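Subject: Structure handover

Hello,

Here is the structure you were going to look at, with the sequence alongside. My notes on what was found follow below.

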Amino acid sequence: MESSQRRLNTLSRHLESAPTYASEVRPGHTECPVTHHDYKNVYPRLLDNRPVRVLVTGAAGNIAYAIAFAVARGELFGPQVRVALHLLDIAPMADALKGVTMELDDCAFPLLAEVVATTDVKTAFTNVDVALLVGAFPRQKGMERKDLLKKNCAIFEEQGKALDQYASRDVKVVVVGNPANTNAAIAMANAPSIPKKNFSALTRLDHNRAQSQVAKRLGVPVQNVQNVVIWGNHSSTQYPDVNLAYVEDFPAKGIKTPVRPALNDEKWVQGEFISTVQQRGAAVIQARKLSSAASAANAVLNHMQDWLQGTPSGKIVSMAVASDGSYGIPADVMYSFPVTCASGDWKIVQGLKLDEFSRKKLDATLQELQEEKTEAFSFLKK
Ligand code: NAD
Ligand code: LMR
């Protein structure tokens, strides 16, 4: 009896220790921090080797279908950190959610410690460290993102309250469901016990789209273009801005050139480039008859990886975060800024000089966000 207890103790110690499954992680992601200790600054409580709890809402939907498997594979926290996936969807999707759970089981992911698949908000939000709020009614052909406001703001009011009551106190939140900025503002307003700096909305997909458009135009590998940034709303008023951007190895190896002179085409920079990025979501819907999903999931991973692990020196990314008044954007407006990240915190890049064109673009997208927020909060009061 005693010896079987000893065997059990040994076995459970063995199971608790973090395994190395580097081969499970795709090349390109192996630079992730690899142990819980790498996250000490981000989640001070993660010292006991417990799994990181990651909530994905809209878990039976398209974007979540790509995110959940990537997180379980180790793409968010690296090859030695176990994760527990909390998957939330609405009751009519319970069967589909069961199917996703079956597939996760069938992948036999070594890092996946637990799956909590549920249609109950409290169960889903309890003790989560990361909340990827994807679930919402998606935009359909002919709709503007703000048409979704009425349908979706009640969801984010409820989920803000759930974060407030049940999530880990240092939970980091990214809202993907549209209209993402305003939904994030609603969640934040309903979670007063969670620091405002822990809320964000996804504009990384727009950022990646902008980077890709510039690289194509210059005919260079996409990774040679850096620091194209997105200001404002994840909508057709967003301002994709090349003023901070540069291109490596252009026009020749070893030379780094600012993107604007490299492009040498003001008409394209101020016209087609901006409208292509602004309208890219609608163009994908038009073509797929469904909104973007794999690219959105990829952007969520990029967003969280940079936030948690920090941006490499000199790299600027785009995140919609609660404004601190920078660049005349009123405090608490959930606005996409150029940011850098370190030790689990983001910082808005300061001291940029804005020309008249940029200023107008920043103000136009701000105006839309303010109108959206006023409208959303008026629905919620009813
Ligand atoms: P989808 O319709 O495939 O999935 C959405 C899922 O959310 C569905 O399973 C639905 O049942 C679920 N859901 C609805 N209400 C819910 C609630 N209260 N709680 C939990 N789950 C709920 O849609 P998708 O393609 O996965 O897109 C999801 C959202 O992301 C949409 O709002 C879409 O417009 C948005 N989106 C944002 C970006 C971005 O860059 N910010 C990019 C692409 C898509
Ligand atoms: C996108 O940008 O692809 C999504 O926000 C979908 C949409 O509604 O445009």
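In this predicted model, helix α7 (residues 204-218) packs against α12 at an angle of about 105 degrees, and the two axes are 8 Å apart. Angles of 65 to 115 degrees count as roughly perpendicular, so α7 and α12 are roughly perpendicular to each other. On the α7 side the residues involved are Arg204, Leu205 and Asn208, and on the α12 side they are Ser295, Ala296, Ala299, Asn302 and His303. Sorted by class, the contact of α7 with α12 has three nonpolar residues, four polar ones and one charged one.

Helix α12 (residues 294-309) also packs against helix α2 (residues 62-73), here at an angle of about 40 degrees and again with the axes 8 Å apart. That angle makes α2 oblique to α12. The crossing of these two helices, α2 and α12, is right-handed. From α2 the contact takes Ile63, Ala66, Ile67 and Ala70, and from α12 it takes Ala294, Ala296, Ala297, Val300 and Leu301. The contact of α2 with α12 consists of nine nonpolar residues, with no polar and no charged ones. Ala296 is therefore listed in the contact with α2 as well as in the one with α7.

Helix α2 has a further partner in helix α3 (residues 94-107): their axes come within 11 Å and cross at roughly 30 degrees. Angles under 35 degrees count as roughly parallel, which makes α2 roughly parallel to α3. The crossing of α2 and α3 is right-handed. Tyr65, Ala68, Phe69 and Ala72 of α2 meet Val100, Leu104 and Cys107 of α3. By class, the contact of α2 with α3 has seven nonpolar residues and none that are polar or charged.

Ligand 2 has nine residues around it, and the closest are Arg139, Asn178, Gly281, Ser291 and Ser292. Helix α11 (residues 280-288) gives the most to the shell around ligand 2, with three residues. By class, the shell around ligand 2 has three nonpolar, four polar and two charged residues. Ligand 2 also lies between domain 1 (21-201) and domain 2 (204-377), because both domains give residues to its shell.

Last, some points on the backbone. Most residues other than glycine have a negative phi, and most peptide bonds are trans. Which peptide bond is cis at proline 179? The bond from asparagine 178 to proline 179 is cis, with omega near -10 degrees. Proline 179 sits in the loop between β5 (172-175) and α6 (180-189).

Proline 251 is in the loop between β10 (246-247) and β11 (257-258).

Asparagine 227 has a phi near 70 degrees, which is a positive value in a residue other than glycine. Asparagine 227 is placed in the loop between β7 (225-226) and β8 (229-231).

Regards

Conventions. Residues are numbered from 1 along each chain as its sequence is written. Chains are lettered from A and ligands numbered from 1 in the order in which they are written. This is a predicted model: local features need pLDDT of at least 70, side-chain atom pairs count only at pLDDT 80 or more; totals for chains, interfaces and linings use all residues. A residue is near a molecule or strand if its C-beta atom, placed from the backbone, lies within 6 Å of it. Helices (H or I, at least four residues) and strands (E, at least two) are DSSP runs, numbered from the N terminus. Ala, Val, Leu, Ile, Met, Phe, Trp, Tyr, Cys and Pro count as nonpolar, Asp, Glu, Lys and Arg as charged, and the others, Gly among them, as polar. Domain bounds come from an automatic or database domain assignment. Axes are lines fitted to C-alpha atoms, for helices over the stretch in contact, and angles run from 0 to 180 degrees between N-to-C directions. Angles under 35 degrees count as roughly parallel, over 145 as roughly antiparallel, 65 to 115 as roughly perpendicular and the rest as oblique. A crossing is left-handed if the near helix is turned anticlockwise from the far one by less than a right angle, and right-handed if clockwise. Two residues are in contact if their C-beta atoms, placed from the backbone, lie within 7 Å.
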